[in-house]
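Student: Could you give me a close look at the charged side-chain pairs in this one? I'd like to hear where they sit and how they connect.

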Amino acid sequence: NRCTLLSIVKKDRAWDTSKDKIGISPYLIIPHAVLIHNEELAEMAEEEIDGLDENKERRLTNLRQLERVYVKADRYLHSSYLPMIFNYPTEKTLYDKGNENRGSLEKYRVVQFKLRELRIQIESLWQTRRSIAQVFITIVATSVSVVMAIRRQLGDFEIGALAILGIIVVAFSLSMIGNLTFNRKLKSNH
């Protein structure tokens, strides 16, 4: 990280030789560590979300993948992200100025916006699935009604004729659903 003042290692020669002469205040280092932690979480969430943009076809069709990415990015931004946890004025000032100067808060807001867009896309895809299912149910119910009406009008006719009519109705239903799905994908690409 370009603004990092902190390095955590098991062994460091420079530290070993100078530790008796250099001291560091936890009041300064802990706010900085919190800023680095939060920046890393925002970065990880953004990488998850932006990874979906690399393959838009998969993004349109794989709802489970979208939901997995949403849950992971949401966890980074809401469960693991540390809020302002400091009580002393020096710590608060350091934390606030660090957020401002490093652009941490702005980055967080950008990733939050991307996460909201992803949630909207997931909700839209679920709505599309529900609409397609409703259309399919309507077509099947209508088809059964039409077949029953034809059977009443014509009386008993061969089961083969009824089967052919059923196949035609199912084929028509599937073509309508395919047409609906294709048209929605085209609209969402534009």
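Tutor: Let's start with D50, which is partly exposed, at a relative accessible area of 28%. Keep in mind that this is a predicted model. The side chain of D50 pairs up with that of K114 in a salt bridge, at 3.0 Å from N to O. K114 belongs to helix α6 (residues 104-154) while D50 is in helix α2, so this contact ties together parts of the chain 64 residues apart in sequence.

Now zoom out a bit: searching the whole structure turns up seven salt bridges. One of them joins the side chains of R102 and E39, with an N to O distance of 2.5 Å.

For a local pair, look at R119 and E123, whose side chains form a salt bridge at 3.5 Å, N to O. R119 is partly exposed, with a relative accessible area of 35%, and E123 is partly exposed too, at 46%. Both residues lie in helix α6, and they are four residues apart, which is about one turn of the helix.

And back to where we began: D50 is part of a network with E43, E46, K107 and K114, joined by salt bridges that share partners.

Definitions and conventions:
Residues are numbered from 1 along each chain as its sequence is written. This is a predicted model: local features need pLDDT of at least 70, side-chain atom pairs count only at pLDDT 80 or more; totals for chains, interfaces and linings use all residues. Side-chain values use heavy atoms; hydrogens and water are left out. A salt bridge is a side-chain nitrogen of Lys or Arg within 4 Å of a carboxyl oxygen of Asp or Glu. Helices (H or I, at least four residues) and strands (E, at least two) are DSSP runs, numbered from the N terminus. Buried means under 20% relative accessible area, exposed over 50%, partly exposed in between (1.4 Å probe, protein chains only).
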